Amino acid sequence: GLRVVVDVVYNHTLASGPDGALSVLDKCAPGYYYRRSESGEYENSTCMNNTAGERAMMGRLVVDSVVHWAKMYRVDGFRFDLMGHLPLSVVEECRRSLDALTVEKDGVDGPRVLMYGEG
């Protein structure tokens with residue numbers, strides 16, 4: 001049958017800053033979720049403002065949202081945009097968390113959920 005792979009983008013967001021109309025993460029914890037240069041500017045090597053996947057709550061946001069999508073929407077896989085901008089530990093935790101899902105408990109055969117990424 002038809003399988004669904006979701007293209008997820010965790011390496012940047014559309015907007016940042018506590019006053020930005022489209023900013024979300026900086027309104028929750030200003031300055032926490034993004035990488036900044038020594039001068040305080042937002043880093044943007046991903047084409048927009050880089051998220052800081054090495055920070056605990058950004059990593060958790062990635063892992064928790066992947067698990068949520070798998071459990072609630074029964075998606076078959078995830079394609080990570082610029083996966084290389086995420087710490088390996090976050091990617092590995094995504095895999096471990098997906099692998100822990102079972103058909104009996106969660107309605108999902110976690111080890112069968114595909115994960116791949118670019119860069």
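Predicted model: local features only at pLDDT ≥ 70, side-chain atom pairs only at ≥ 80, totals over all residues.
1. H2 covers residues 56-73 and H3 covers residues 88-99. The two pack at an angle of about 30°, and their axes lie 9 Å apart. Angles under 35 degrees count as roughly parallel, so H2 is roughly parallel to H3. Their crossing is right-handed.

2. Now look at the residues that touch. H2 contributes Gly59, Val62, Val63, Val66, Val67 and Ala70. H3 contributes Val90, Glu93, Cys94, Ser97 and Leu98. By type, the residues of this contact split into eight nonpolar, two polar and one charged.

3. Next, the cysteines. The whole structure contains zero disulfides. Cys94 is in no disulfide, and its nearest cysteine sulfur, that of Cys28, is 19 Å away. A disulfide needs the two sulfur atoms within 2.5 Å.

4. Is Cys94 buried or exposed? Its relative accessibility is 1%, so Cys94 counts as buried. Recall that Cys94 is one of the H3 residues in the contact with H2. Cys47 has a relative accessible area of 60% and is exposed.

5. Step back to the fold. The protein has four helices and five strands. Along the sequence they follow the pattern β-β-α-β-α-β-α-α-β.

6. Last, the overall picture. The C-alpha trace spans about 50 × 25 × 25 Å along its principal axes. Of the 119 residues, 39% count as buried. Take the contacts between residues at least 6 apart in sequence: 59% of these join residues at least 24 apart.

Note on methods:
Residues numbered from 1 in each chain as written. Heavy atoms only, no water. Axes fitted to C-alpha atoms, helices over the stretch in contact; angles between N-to-C directions. Parallel < 35°, antiparallel > 145°, perpendicular 65-115°, else oblique. Left-handed = near helix turned anticlockwise from the far one by under 90°. Contact = heavy atoms within 4.5 Å. Nonpolar A, V, L, I, M, F, W, Y, C, P; charged D, E, K, R; others polar. Buried < 20%, exposed > 50% of the residue type's maximum accessible area, 1.4 Å probe, protein only.
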